[in-house]
Amino acid sequence: MKVRVHVMLKQGVLDPQGEAVRHALGALGFEGVSSVRQGKVIELDLADGTSEATIGEMCEKLLANTVIESYRVEQL
Amino acid sequence: MKAAVIVFPGSNCDRDMAVAFEQAGFDVEMVWHKDTALPSGIDMVGVPGGFSFGDYLRCGAIAANAPIVRDVKAFADKGGYVLGVCNGFQVLTETGLLPGALLRNSELKYICRTVGLKVEGDSIFTSAYQTGEEIALPIAHHDGNYHADDATLDLLEGEGRVAFRYTDNPNGSARDMAGILSANRRVLGMMPHPERASEAAHGNEDGARLFANLTSALTTA
């Protein structure tokens, strides 16, 4: 089974990289880009039947730092 | 007095930190990240700067899960003294030994220069400085923008756990925090590098005092 983990900085945590991308889009002439948030996508190839709880534990223990990041697991 | 300096793949301030501890009177053992236990009789653990595991995933995240770090955590939980500098600070926040996290610098640039700091928190690490004293130490980091929620920042300030503050914030750190202490004041994490300003040849000895009092403080502690 495959899952995709999306990791994003939490709302309210300044994302200077997203801000830089927003500025660059503006500099390229794209108008109306009011906000950019940049995150990570991590794809995992897992043994069939790996439980949601185990995947959650992987996210909590390593893939995301929940002090600053939120995550979402997508089943593929 | 014995100090252990942890070495991860990508650590690059480990030997500087060892020299600073030695100058302060410690016998130093370098401890490899794959070891599962600290040597016996350790009084102080140093987690050095560098780019452990290439800063993959997040700075300090992989190192925080290295075998030896479990024992460093147990050491700290038993009241052991731990100093984390730069990447070492990032590792300590990732382990949860210190609150908060280090984000990308607000200006997105790697910054390598000497900055002004104000000494605040009461601890054995800051005991050789006057409270409120201004010192200068080098910083060299891309991800030194300290972040924590307001409640945590209030707690750190309320308990006097801010060891150092930037006098001219270089990286966007919340409330100018450059170094913070654990609740028992025995774990210090800081982005500036005291070990890079610890002898005359460095052109700045402000960092030497952080190490200088440790052995005497530990003897009486």
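Mentor: In this model, 9 residues of chain A are in contact with 11 residues of chain B, where contact means that the C-beta atoms of two residues, placed from the backbone, lie within 7 Å. This is a predicted model, in which local features need pLDDT of at least 70, side-chain atom pairs count only at pLDDT 80 or more, and totals for chains, interfaces and linings use all residues. Residues are numbered from 1 along each chain as its sequence is written, while chains are lettered from A and ligands numbered from 1 in the order in which they are written.

Trainee: Which residues does the UniProt annotation "active site" cover?

Mentor: The unreviewed UniProt entry places this annotation on C86(B), H193(B) and E195(B), although such annotations may be inferred rather than shown by experiment. They are spread over 110 residues of sequence, yet cluster in space, the largest C-alpha distance being 10.9 Å.

Trainee: Why is C86(B) called buried?

Mentor: A residue is buried if 20 or more other C-beta atoms lie within 10 Å of its own, exposed if 12 or fewer, and partly exposed in between, with C-beta atoms placed from the backbone. C86(B) has 31 other C-beta atoms within 10 Å, and is therefore buried.

Trainee: What makes E195(B) buried as well?

Mentor: E195(B) has 30 other C-beta atoms within 10 Å, so the residue counts as buried. Leaving aside neighbours within four places in sequence, the contacts of E195(B) include C13(B), D16(B) and V85(B), and those of C86(B), not counting residues up to four places away, include C13(B) and H193(B).
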